[in-house]
Amino acid sequence: MKLRYFIPIFAAVITLLTGCKTDEDPIYLDNFKASTSYVALDKNGGSTRITVDATDSWAFDEASIPSWLTVSPMSGGAGQAITLTFTAEAYAGRTATLKVKCGNSTQEINVIQGLSEISNATCAQVIAGPDAKTYRVTGTVTGIANTTYGNWYMNDGTGELYIYGTLDKSGRDGQNNSIAAWGIEVGDEVTVEGPKTTYNGTVELVNVTVVKISKSLIKVDSLTIGDETVTAATLPLEGGEVTAHISCKGDGINVDIPQDAKDWLVISGLTSSTVTFRALPNLAGDRSTTVTLKTYNGGREYTSQFSIAQAGAILDVTVAEFLAAEVGETTYRMNGVITALYENDKQGKSFYIKDFSGEALVYRAEGFLDSGIKVGDVVTVLGKRGAYKDSPQMVDCSCELLHAVTPVTIAEFLTMPDDKNVFYMVTGTISSLLDDKGAENDYGNMFITDGTNELYVYGCYPGWGATGDNRKFLVADNGLEVGDEITMIGYKDTYNGTVELCKTACFSFKKANQ
């Protein structure tokens with residue numbers, strides 16, 4: 001998933017200039033010129049107007065406009081003295097940087113309302129406070145999400161904040177690896193300043209300035225498995241041991257193993273400078289946990305963390321079981337029919353897979369784009385349970401063809417050779433919902449027609465992979481009737497001289513009255 005663009009916030013004492021940039025070095029645009037270097041709004045609220053000259057069509061990037069600010073118009077064509085109006089409700093002090101694309105270049109327009117004052121606060125006070133206000137907060141680093149942009153978590157005991165973007169030592173944002181530049185590590189106590197925003201319910205401080213760093217008094221220097229030094233503690237399926245080599249300047253070492261990992265991870269050795277962990281054999285899927293090491297000094301707690309992962313078995317699941325699983329590192333394998341490509345993926349690697357139990361999004365599967373695999377084919381996918389905005393999807397995944405499926409007409413199907421390993425997609429109108437003996441049934445035995453030819457369907461199931469009672473009730477559950485159109489996937493066989501489409505999976509159907 002792509003990282004959102006940072007929304008830079010400038011202190012009021014800094015002179016705010018109208019900037020511009022392309023994918024290369026910054027330049028001043030000739031095709032879009034503003035009448036003022038920044039837009040100033042009164043703290044009591046109201047509107048401010050500026051004029052711009054544009055030699056090409058232009059439009060604001062909606063994502064760069066905060067919820068508290070209204071801009072009109074949002075786009076336009078070439079022209080001179082074009083009036084832009086900026087409106088906001090009353091507020092003591094806040095800023096924003098807006099982006100306008102003109103031609104092939106992007107211009108930045110800075111907006112300031114009132115004076116941007118910095119308030120000292122706890123994490124809890126920031127969480128309860130208003131968006132756009134700038135805060136100074138001190139807390140312990142509890143996790144690092146992205147080292148390049150500087151995304152991490154802070155906790156001061158009153159609550160937890162997500163730091164979205166850390167300015168480097170030159171005050172720049174972007175891909176500057178600010179975490180490494182500052183030397184920030186889990187367990188450090190850090191003081192930062194930055195404006196608050198709320199994104200999808202998560203409270204964030206964005207593009208923060210680092211004020212002070214107090215290094216933790218406990219640190220993991222290295223990890224070893226046997227006699228080998230490793231950068232990541234990954235243990236095999238059958239279990240094993242990993243040793244953390246520790247520098248500690250506090251009073252003793254305490255070890256905190258998360259509750260959900262205590263049934264498979266134990267401490268097997270402890271000295272003043274090492275802790276050894278043993279993972280038990282893994283009979284389930286991949287698993288991992290984060291161990292916290294603690295020490296104390298002067299009544300204060302200092303921490304350090306590292307992760308331990310263990311390989312697991314690949315779990316064969318239905319789509320429904322996959323959707324019900326938790327987001328994590330376990331690897332799952334599913335078989336199903338590709339029902340559609342995911343239109344929002346410009347790389348063309350994503351698609352939907354469906355079996356008898358449900359449908360799931362497979363996000364950017366390796367081995368799919370250039371494989372020739374198409375909608376209607378039966379595939380095997382391998383990957384982890386992920387999610388995007390609470391919508392489940394398979395991630396870190398691969399795709400292999402299980403059965404190529406050839407679309408044919410009923411007339412063409414009747415001429416094909418019998419072969420239980422060759423699969424066809426056939427569409428027809430239901431002409432009878434009775435089996436070849438004239439009896440009603442639960443397994444979807446039916447006759448379909450193209451108006452000229454008729455084909456007997458021996459078992460039409462709710463979807464691919466259905467066994468046992470899961471094969472039943474496609475007709476009843478979906479109210480299928482004579483005259484409805486149905487598309488199925490199956491193989492050809494002949495029994496007592498009757499050609500059959502056998503053990504089929506329903507791909508889709510269309511009601512006659514719709």
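Where does T330 lie? T330 sits in the loop between α3 (319–324) and β27, where helices (H or I, at least four residues) and strands (E, at least two) are DSSP runs numbered from the N terminus.

## Ground rules

This is a predicted model, where local features need pLDDT of at least 70 and side-chain atom pairs count only at pLDDT 80 or more, while totals for chains, interfaces and linings use all residues. Residues are numbered from 1 along each chain as its sequence is written, and side-chain values use heavy atoms, with hydrogens and water left out.

T330 is buried, with a relative accessible area of 15%; buried means under 20%, exposed over 50%, and partly exposed in between (1.4 Å probe, protein chains only). A polar atom of the T330 side chain is 2.8 Å from the backbone oxygen of D286. That counts as a polar contact: a pair of N or O atoms within 3.5 Å, where within protein one must be able to donate a hydrogen and the other to accept it, and residues adjacent in sequence count only if both atoms are side-chain atoms.

Not counting residues up to four places away in sequence, T330 touches G285, D286, L315, G383, K384 and R385. Contact here means heavy atoms within 4.5 Å.

The largest nonpolar core has 23 residues, and W58, F60, L69, F86 and L98 have the most contacts inside it. At least two of its residues come from each of β3 (39–41), β4 (46–54), β5 (58–60), β6 (69–72), β8 (79–88), β9 (93–102) and β10. There's also a second, separate core of 21 residues, with L235, V242, I246 and L293 among them. For the record, a nonpolar core is a set of buried Ala, Val, Leu, Ile, Met, Phe, Trp, Tyr and Cys residues joined through side-chain atoms within 4.5 Å. In soluble globular proteins, nonpolar side chains tend to be buried together.

Take L98: leaving aside neighbours within four places in sequence, its contacts include F60, L69, V71, F86, I109 and V111.

Q113 is in strand β10 (residues 105–114), and it is buried, with a relative accessible area of 0%. So what does its side chain reach? The Q113 side chain is 3.0 Å from the backbone oxygen of D42, and one of its polar atoms is 2.8 Å from the backbone oxygen of E89. Beyond its neighbours within four places in sequence, Q113 has contacts that include L41, W68, A88, Y91 and R94.

V52 lies in strand β4 and is buried at 1% relative accessible area. Leaving out neighbours within four places in sequence, V52 is in contact with F32, K33, A34, G79, Q80, A81, I82 and L84. From V52 to V405 is 353 residues along the chain, and their C-alpha atoms are 58 Å apart.

## One cavity

How many cavities of 30 Å³ or more does a search of the whole structure find? The search turns up one. The largest cavity has a volume of about 60 Å³. On a 1 Å grid over the protein atoms alone, a cavity is a set of points where a 1.4 Å probe fits but cannot get out, and lining residues have an atom within 4 Å of a point. Grid points are joined across faces, edges and corners, and the volume is the space filled by probe spheres set on the points.The lining is V337, T339, K354, D355, P462, G463, W464, I489, A505, C506 and F507. The elements giving two or more residues to it are β27 (331–341), β28 (351–355) and β37 (498–510), and β37 gives the most, with three. By type, the lining divides into seven nonpolar, two polar and two charged residues; Ala, Val, Leu, Ile, Met, Phe, Trp, Tyr, Cys and Pro count as nonpolar, Asp, Glu, Lys and Arg as charged, and the others, Gly among them, as polar.

Most residues other than glycine have a negative phi, and most peptide bonds are trans. The peptide bond from S72 to P73 is cis, with omega near -5°, and P73 is in the loop between β6 and β7 (75–76).

R364 has a positive phi, near 55°, and is partly exposed at 26% relative accessibility. K389 has a positive phi as well, near 50°; it is exposed at 53% relative accessibility and is placed in the loop between β30 and β31 (391–403).

Key
On a 1 Å grid over the protein atoms alone, a cavity is a set of points where a 1.4 Å probe fits but cannot get out, and a pocket is an open set with protein on both sides within 12 Å along at least five of seven lines; lining residues have an atom within 4 Å of a point.
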